[in-house]
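How does one read a protein model piece by piece? Take the sheet, the core and the helices in turn.

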Amino acid sequence: MSKQSFKVCFCFRRIFKLQATGPPEDVQYLFNRYSQDGTMTLDQLRYFLIDFQEEKHATREDAQAIFNSLKHLNIFQRKGLHLEAFFRYLLGDLNTSLPPSPTVHHDMTAPLSHYFLFTGHNSYLTGNQLSSNSSVKPIIDALRRNVRVIELDLWANDKKDNVEVRHGGTATSPVELIKCLRAIKENAFYASEYPVIITFEDHLTRNLQEKVAKMVTETFGDMLFRPESEYLPEFPSPESLKKKIVISTKPPKEYLDIESNTKGRAGTKKMKDSADEQPRTKEKHSSRDKIEIEGTVNEAKLEEEEELHQDEDLQNAVPDYRRLIAIHAGKLKGGLESWLSIDPYRVRRLSLSEQELENAVKTHGTEIVRFTQRNLLRIYPKGTRIDSSNYNPFVGWMHGAQMVAFNMQGHGKPLQIMQGMFRANGGCGYVKKPDFLLEVGANNEVFDPSAPFPVIKVLKVTVYMGEGWHLDFRHTHFDLYSPPDFFVKVGIVGAPADTRTKETKPIEDDWTPSWNDTFEFPLTVPELAILRVEVREYDTSGKSEFAGQTCLPIAELRSGIRAVPLHNRKGEKYKSVKLLMCFKFEDTNLSNESSL
């Protein structure tokens, strides 16, 4: 058994043995229950998979694959598994908490509005919203993580003869649009074959719109989705758009006005040109820029100014550029009721800031749900999030918002939750909405997110043990003078009634801690719930240190004893760190249909 020494002072060291943790009592009990005379045969293992792990379709071939995965270990016996081999299987890669071979299993033939989409915000930024660099790298990273909606802000370059991507009105550096388009083309379907939507925030003159149309057409060619008519009566399905690039933007009202020959608009042009000559941190091109700089939160006014009169302006836009737009974006004249109005003959995309949404759901919750049954709703971070932080995505998801746009370049709890949501459906970047968000009742009523819901499931979670930290971290990473004191926080994030967190007791001075703690979580909306697990290292000062996390969609969580790999703050999986946990569901025979 190996040892570790920790230097306390010049003449004194503390020596700790690295103890090998044996199987938890529950594992020993289950092995004895499903085996005979200390050996578990192939058929007995298959019965364990079906009966306890609830893998109803497990075959002898599945059990044989487990046998084969253990053959390289000295503990493997040809006749069957001994307890130690059974224990190693439970901690192995074939015993994951989500389906082991990620496959798309949701119905992908419904309209786009029936899905949540993995959506990025200002996808080109490498850091904060005010002074970081613009680059193709975050775009590539996002696409390779199955992000399906990429946002690009289009501006004229300093010479006004080409198009660049940057966060206008800030000190962020630009990147050429053509580089972004090529990066998207080369990486769009690296991890998923389902469509990539590019949302343009357009600040261009007509001649530059022509240039963009040519760039987009030549770069994507047949990959580009071009609808047969200018307006779609219904969105196409992800299945029908496989390996297609879809363009979505709002009418470029500001610069169309500039090109007008009227005296008033000529004056506007002069003002814009004068502003262009100033440093980027002082640009006045759009209300949104001002919001980012001054930290105001008047996103409603911003979007209204940028998106009014969409039909009129589209008619004036460059024809080739107009034909690129498959998903039309914009707000109608008037207030929230007008924005949420439904046109039976065509669908569109509406954008609201996180603050606008929070205000809107207080008075128009069911109208938002009804709007998102046919149309797309995009939510974006408020302008004061200059550090590229994110927000609670469940306000949007509970109301059917398909595009909850996040800053993907950082880390933190909201982004980890977002990553957890899109581990569902094979990680393809599209998750089918629960039926209750799409249904209309006999009296034309829809789901009311503000209504109280009954508990329809209870999730029972047992945290047995953890391992792998001593392989992935330096032995003084957590504590200079002793092994770490790990504890686990387990919680549900989702509907307000479901959201809660519980934690184990800390285990002192142990790299392979055993907790054996069990928690119960009643669930009212399990379809949207995420299980969040975080390990921390306890400190008597009250400041605990991060030691791994994962977020798992409850809808796809597999019952039974499972190995749960942990990730770092950015969502990158550790090589060795994992927990052994058990998940069991109890149904209460109720459903959310009663809320309609």
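Predicted model: local features only at pLDDT ≥ 70, side-chain atom pairs only at ≥ 80, totals over all residues.

Residues are numbered from 1 along each chain as its sequence is written, and side-chain values use heavy atoms, with hydrogens and water left out.

Start with the sheet. Helices (H or I, at least four residues) and strands (E, at least two) are DSSP runs, numbered from the N terminus. Six strands form an open sheet in the order 6-5-4-7-8-9, with mixed pairing. Two strands pair if DSSP finds at least two bridges between them. Strand 6 (175-176) and strand 9 (325-328) are the edge strands, and each pairs on one side only. Strand 5 (residues 163-165) and strand 6 run antiparallel, joined by two bridges. Here Val-165 stands opposite Val-175 of strand 6. Helix 7 packs on this sheet and touches strands 4 (149-156), 5, 7 (196-202) and 8 (245-249). Contact means heavy atoms within 4.5 Å.

Now look inside. A nonpolar core is a set of buried Ala, Val, Leu, Ile, Met, Phe, Trp, Tyr and Cys residues joined through side-chain atoms within 4.5 Å. Buried means under 20% relative accessible area, exposed over 50%, and partly exposed in between (1.4 Å probe, protein chains only). The largest nonpolar core has 77 residues, and Leu-152, Ile-184 and Ile-245 touch the most other members. Helix 7 (residues 206-220) gives the most to this core, six residues. Leaving aside neighbours within four places in sequence, Ile-184 is in contact with residues including Ile-139, Leu-152, Phe-220 and Ile-245. Apart from this core lies another, of 33 residues, with Trp-469 and Leu-552 among them.

Turn to helix 3 (residues 60-69). Which of its residues are buried? They are Ala-63, Ile-66 and Phe-67. These cover an arc of only 100 degrees around the axis, so they lie on the same side of helix 3. The arc is that of the directions from the helix axis to the C-beta atoms. Helix 2 (42-51) and helix 4 (83-90) are among what covers them.

The axes of helices 2 and 3 come within 9 Å and cross at roughly 110 degrees. Glu-54 lies in the loop between these two helices. Its phi is near 60 degrees, a positive value in a residue other than glycine.

How values were computed. Axes fitted to C-alpha atoms, helices over the stretch in contact; angles between N-to-C directions.
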